[in-house]
Amino acid sequence: MVKSKFLFNKLIVLSLSAAALSIGIQQQATAELVASSSNSAIAAQSVKSEPKLPNLPAPQLPPLGEPFRHIPQEPKPPENPIQEVRLVLRLRERRVYVYRQNKVQTSFPVAVGKGGWETPTGNFKVMQMIKDPVWQNPWTGELIPAGPDNPLGSRWMGFWTDGKNVIGFHGTPNPESIGGAASHGCVRMFDKDAQALFEKVAVGTPVIVEH
């Protein structure tokens, strides 16, 4: 009896161990199933939350050798024809030449300074431009208003000064003096020519006076 009872007790222990093992296996399987389901749900949620990227077209690259069609360029400054102008006054010829980009555009006959009042030679620039100037007599101080009797005509373009006196191109009411040496250093022009020259120059235009 003792031996049989011992065997019976062993059988009971083995049965309980098998049952416990079965329960443990079932719990582990259940836990793995729950974990797998949770991971699947998280993965599905992650995939669902990612936004869809649009189908962008491939960028168009400029062909080789044509970068200026696509790269912004610095704007070119507008051309100013007056900046390309220079005046050359040849005293012996009694004529002033208008050059643009080293080419003679036109020329005008002039009168230059007489003996003792010669027109100065050298490199200068137009420094003063006046329409319908008022002339002041340098000896009497008398003011002559603009008009047909004004010794400066209708246009004045000063290019030389010693701080007191000024010399420049101007029209004249004495057209018969054109072509000679008749002025006190200034450069006389037919009034219509002085008006035309006035439109071709600006303050800063170079003036070259040669013999």
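Trainee: Which residues does Asn150 touch, not counting residues up to four places away in sequence?
Mentor: This is a predicted model, in which local features need pLDDT of at least 70, side-chain atom pairs count only at pLDDT 80 or more, and totals for chains, interfaces and linings use all residues. Residues are numbered from 1 along each chain as its sequence is written, and side-chain values use heavy atoms, with hydrogens and water left out. A contact means heavy atoms within 4.5 Å. With residues up to four places away set aside, Asn150 touches Pro133, Val134, Trp135, Ile144, Pro145 and Pro173.

Trainee: Where in the chain is Asn150 found?
Mentor: Strands are DSSP runs of E with at least two residues, helices are runs of H or I with at least four, and both are numbered from the N terminus. Strand 8 spans 143–144, and Asn150 sits in the loop between strand 8 and strand 9.

Trainee: Is Asn150 buried or exposed?
Mentor: Buried means under 20% relative accessible area, exposed means over 50%, and partly exposed lies in between, with a 1.4 Å probe and protein chains only. Asn150 has 0% relative accessibility, so the residue counts as buried.

Trainee: How many Å separate the backbone oxygen of Ile144 from a polar atom of the side chain of Asn150?
Mentor: Ile144 is also one of the residues that Asn150 touches. From the backbone oxygen of Ile144 to a polar atom of the Asn150 side chain, the distance is 3.0 Å.

Trainee: Why does Leu143 count as exposed?
Mentor: Leu143 is found in strand 8. Leu143 counts as exposed because its relative accessibility is 54%.

Trainee: Which residues is Leu143 in contact with, leaving aside neighbours within four places in sequence?
Mentor: Val134 and Trp135 are among the residues touched by Asn150. Leu143, with its neighbours within four places left out, is in contact with Val134, Trp135 and Gln136.

Trainee: What share of the protein chain counts as buried?
Mentor: The secondary structure of the chain comes to two helices and 13 strands. Among contacts between residues at least 6 apart in sequence, 56% join residues at least 24 apart. Of the 211 residues in the chain, the buried share is 25%.

Definitions and conventions: Polar contact = N/O pair within 3.5 Å; in protein donor to acceptor, adjacent residues only side chain to side chain.
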